[in-house]
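Take a look at the sequence and the structure below. This report then walks through them step by step.

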Amino acid sequence: MAILPIRIYPDPVLRVKCRRVETFDDALRKLAANMVDTMHAAPGVGLAAPQVGIDLRLTVVDISVGEDPAALRVLVNPEIVRREGAETDTEGCLSLPGITDKVDRPLSIALRAQDLTGEPFELEAEGYLARAICHEVDHLDGILFTDHLRGLRKERARRQLKRLAAEQEVAV
Ligand code: NI
């Protein structure tokens with residue numbers, strides 16, 4: 001197991017539309033296990049493959065942050081097939097350190113995905129879990145939570161992202 005470096009905005013991999021996973025092999029399982037370790041260590045409630053530099057449709061979600069093994073969800077090629085209701089709550093992102101804001105998300109969702117052996121399954125989620133899954137599935141299409149902001153929130157996020165990008169240039 002290993003903790004992987006998390007890619008920070010404006011790393012271009014965060015804007016890539018990721019490829020479907022076609023090969024369900026040991027390398028995929030190892031990547032998923034390392035992503036779980038990385039998410040728990042951060043700590044965070046979700047992590048998508050592009051956040052560790054891999055353009056594959058793979059994400060891990062654990063709203064218990066390692067407290068409850070049954071809460072871990074590994075989602076390969078996830079597709080949200082139903083969205084219902086709306087709720088506004090605060091989000092952050094491991095790739096956007098220091099930035100949080102209120103984002104509108106569905107109250108409940110239904111999802112189709114595959115597990116690490118390629119077996120398809122369906123999942124229903126609501127509340128915070130639904131929010132976390134929507135956030136992670138967005139990452140697989142190069143969408144960041146700040147893209148959902150409007151008006152003054154969007155303006156503020158734009159300034160914060162600019163500052164973050166400048167810091168990253170200095171860090172490199
Ligand atoms: Ni994120």
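## Salt bridges

Asp11 forms a salt bridge with Arg7, and their closest N and O atoms are 3.1 Å apart. A salt bridge here is a side-chain nitrogen of Lys or Arg within 4 Å of a carboxyl oxygen of Asp or Glu. Side chains of opposite charge can pair when their charged atoms come close. Arg7 is partly exposed, with a relative accessible area of 32%. For the terms, buried means under 20% relative accessible area, exposed means over 50%, and partly exposed lies in between (1.4 Å probe, protein chains only). This is a predicted model, where local features need pLDDT of at least 70 and side-chain atom pairs count only at pLDDT 80 or more, while totals for chains, interfaces and linings use all residues. Residues are numbered from 1 along each chain as its sequence is written, and side-chain values use heavy atoms, with hydrogens and water left out.

A search of the whole structure finds 16 salt bridges. One of them joins Glu79 and Arg20, with the closest N and O atoms 3.9 Å apart. This pair links distant parts of the chain: Glu79 sits in strand β3, Arg20 in the segment before α1, 59 residues apart. Glu79 is partly exposed at 43% relative accessibility, and Arg20 is partly exposed at 41%. Glu84 forms a salt bridge with Arg82, at 3.0 Å between the closest N and O atoms. Glu84 is partly exposed at 41%, and Arg82 is partly exposed at 27%. Salt bridges also link Glu91, Arg105, Arg131 and Asp138 in a network.

## The sheet

In which order do the 5 strands of the open sheet run? The order is β1-β2-β3-β6-β7, and the pairing is antiparallel. Strands (E, at least two residues) and helices (H or I, at least four) are DSSP runs, numbered from the N terminus. Two strands pair if DSSP finds at least two bridges between them. The edge strands are β1 (46-48) and β7 (120-126), and each pairs on one side only. Neighbouring strands of this sheet are turned by 35° against each other on average, direction ignored.

Look at one pair. Strand β2 (residues 58-61) and strand β3 (residues 73-84) are antiparallel and share 4 bridges. Val60 has Val74 in β3 as its bridge partner.

## The helices

Helix α1 (residues 26-41) lies across β1, β2 and β3, at about 40° to β2. Axes are lines fitted to C-alpha atoms, for helices over the stretch in contact, and angles run from 0 to 180 degrees between N-to-C directions. Among the buried residues of α1 are Leu28, Leu31, Ala32 and Met35. Their cover includes β1, β2 and β3, where contact means heavy atoms within 4.5 Å.

Helix α2 (residues 127-139) lies across β1, β2, β3, β6 (108-114) and β7, at about 125° to β7.

## The nickel site

Which residues are the protein donors of the nickel ion? They are Cys93 (SG), His135 (NE2) and His139 (NE2), lying 2.1 to 2.3 Å from the ion. Donors are N, O and S atoms within 2.8 Å of the metal (3.2 Å for Na, K and Ca); water is not among the atoms, so sites may look incomplete. The donor residues are spaced C-x41-H-x3-H in sequence.

His135 and His139 both lie in helix α2, 4 residues apart, about one turn of the helix. An α-helix has 3.6 residues a turn, so residues three or four places apart point the same way. His135 is buried at 7% relative accessible area, and His139 is buried at 1%.
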